[in-house]
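Please read the following report alongside the sequence and the model.

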Amino acid sequence: MAGLCTSCEKEQNSPEGNCTPANEVIVKATISDADTKVSFTEDGTNNKLKTAWEDGDSIVGWDAAGNAIELVIASIDNNNTAIFKKVEGSAAIPTSGKVYMIYAPGKSKSNISDRTLEYDLSTQGSGKLPVLMTATGEVSDNVLSLTFANQLAIVAVKNPSFPVSAATTINGLKLTGSNIQTKATFSMEGENLKMESSEAGDITRGCSFTTAANGSTTNTMVYFAVLPNSTAAKVTVSTIDPEGYQISFPDKSFESGQCYMLNQKTIGKQTFAIT
């Protein structure tokens, strides 16, 4: 199937150009404008966190009967609408009844057990942030249209300053709070896709930056992805390597689709948009 797709020469925004067999449901997926995201990159010009589908992205889920579905991107048009195709071994998209889909990088249909999918956020590397998005839809005129909504909040730490006695390279930060949730569990509840969180703990994030001898840091932003029902009393950000340095912040609860900026004196929603 992939080989056939590479030979297509029609426009990306035309369903016929995505090598979807005529008898298969066409799957189109968009990301709702201000509260969802797939990848995050800071843009210093217009102060936005940008979002776009990327080649290789996949989504997993199930139909109303509980059959596991896995789809991978076939093409992306200029408006950030992606056409998805079924992977080998996936259940077919039903022509009637709801379909429940999840964007959870690194997960496949083999990770779905008894109509549930778990995702662990406790360790976040130095690359792209983990992202969790969900969408529910039904086929109409042989097209399944999905609009994905974000299920996470973003915590941004700008220019963290630690009381070092000499210029020090900081490798990794840890976000701690009294009720930071680190695991999400997705399941079907009636005709809705439900997400619950469990396992309170710390979140570690890979990064590398230098703090000057006076404790100041410049041009540094470290992001954490956080489950929205985390109520982070006693919020702290501490260093992993070297250990022993810590910044404390006021208590805060986090809402999905929002970005929160931490600085040395306050915590609040960031003013720039997430698009």
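This is a predicted model: local features need pLDDT of at least 70, side-chain atom pairs count only at pLDDT 80 or more; totals for chains, interfaces and linings use all residues.

The mean pLDDT of the protein is 78, with 79% of the residues reaching 70 or more. Among the elements, strand β6 has the highest mean pLDDT, at 96, whereas helix α1, which covers residues 2-6, has the lowest, at 21. Over residues 1-18 the pLDDT is below 50, and in the model this stretch has 23 contacts beyond near neighbours in sequence. Residues 34-47 also stay under 50, and for them the model has 51 contacts beyond four places in sequence.

**The five-stranded sheet**

Five strands make up an open sheet with mixed pairing, in the order β9-β16-β13-β19-β20. Its edges are formed by β9 (123-124) and β20 (246-249), each of which pairs on one side only. Strands of a sheet pair through backbone hydrogen bonds, and they may do so in the parallel or the antiparallel sense. Strand β16, residues 203-211, runs parallel to β9 and is joined to it by two bridges, and glutamine 124 has arginine 205 of β16 as its bridge partner. With strand β13, residues 168-176, β16 pairs in the antiparallel sense over seven bridges; here lysine 174 has threonine 204 of β16 as its bridge partner.

**The aromatic cluster**

The count of aromatic pairs comes to three.

| Pair | Centre to centre | Angle between planes | Geometry |
|---|---|---|---|
| Tryptophan 53 and phenylalanine 84 | 5.5 Å | 80° | edge-to-face |
| Tryptophan 53 and tyrosine 103 | 5.7 Å | 75° | edge-to-face |

Both pairs link distant parts of the chain. Tryptophan 53 lies in the loop between β3 (48-49) and β4 (58-63), and phenylalanine 84, in strand β6 (residues 82-86), is 31 residues apart from it. Tyrosine 103 belongs to strand β7 (residues 98-103), and 50 residues separate it from tryptophan 53. Trp53, Phe84, Tyr103 and Phe148 together form one aromatic cluster.

Tryptophan 53 and phenylalanine 84 are both buried. Tryptophan 53 has a relative accessibility of 4% and therefore counts as buried, and tyrosine 103 counts as buried because its relative accessibility is 5%.

**Aspartate 55 in the loop between β3 and β4**

The loop between β3 and β4 that holds tryptophan 53 is also the place of aspartate 55. Is aspartate 55 buried or exposed? With a relative accessible area of 70%, aspartate 55 is exposed, whereas tryptophan 53 is buried. The C-alpha atom of aspartate 55 is separated by 7.8 Å from that of isoleucine 76, which is 21 residues apart from it along the chain.

Notes. Residues are numbered from 1 along each chain as its sequence is written. Side-chain values use heavy atoms; hydrogens and water are left out. Two strands pair if DSSP finds at least two bridges between them. Helices (H or I, at least four residues) and strands (E, at least two) are DSSP runs, numbered from the N terminus. Rings of Phe, Tyr and Trp (its six-membered ring) pair if their centres lie within 6.5 Å; planes under 30 degrees apart count as stacked, over 60 as edge-to-face and the rest as tilted. Buried means under 20% relative accessible area, exposed over 50%, partly exposed in between (1.4 Å probe, protein chains only). pLDDT is the predictor's confidence in each residue, from 0 to 100. Contact means heavy atoms within 4.5 Å.
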